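Reader: Hi! Could you walk me through the salt bridges here?
Author: Happy to, let's look together.

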Amino acid sequence: MTYQEIVEKTREIIFAYDLSSLKDSTEHIAVQVNIKGEGEGIFYIELKDGNVYIEPYEYYDRDCTFVISAENFFKICDGSLDAVKAFTVGKLKVQGNIDKALKFSGIVKSVREQSEGKKSKKKSK
């Protein structure tokens with residue numbers, strides 16, 4: 001997978017979730033993602049004023065940086081790998097503000113779970 005494909009897949013995954021719960025958020029979190037190994041490159045994910053931005057370049061005013069392989073990053077995004085566990089076993093390195101990293105991880109998990117809950121309700125109707 002190329003760097004550009006990784007950025008596009010990240011956008012597809014994140015924007016497939018129901019992000020409406022973020023609309024009233026005043027939280028600002030900027031996470032730079034450094035992909036190591038196949039498709040190596042840098043992009044960032046920013047939560048700002050209830051919006052999500054994913055851009056294919058370095059973010060100099062970031063709160064934290066995740067250093068991770070593309071494979072493990074996508075596992076975190078889809079919920080098959082917990083970010084805290086990935087950090088604990090060395091699959092994810094975090095540089096910078098660990099509190100913001102944990103908050104970001106919690107927001108991603110919450111949005112994913114809310115989206116999955118809404119999808120399962122639609123299927124049961």
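**Salt bridges, one by one**

Author: The side chains of Glu-55 and Arg-11 meet in a salt bridge, 3.6 Å from N to O. A salt bridge here is a side-chain nitrogen of Lys or Arg within 4 Å of a carboxyl oxygen of Asp or Glu. This is a predicted model, where local features need pLDDT of at least 70, side-chain atom pairs count only at pLDDT 80 or more, and totals for chains, interfaces and linings use all residues. Residues are numbered from 1 along each chain as its sequence is written, and side-chain values use heavy atoms, leaving out hydrogens and water.

Reader: Where do Glu-55 and Arg-11 lie?
Author: Glu-55 is in strand β3 (residues 51–55) and Arg-11 in helix α1 (residues 3–16), 44 residues apart. Helices (H or I, at least four residues) and strands (E, at least two) are DSSP runs, numbered from the N terminus.

Reader: New topic: is Glu-71 buried or exposed?
Author: Glu-71 is exposed, at 53% relative accessibility. Buried means under 20% relative accessible area, exposed over 50%, and partly exposed in between (1.4 Å probe, protein chains only). Its salt-bridge partner is Lys-75, with the closest N and O atoms 3.4 Å apart.

Reader: And how many salt bridges are there?
Author: The count comes to five.
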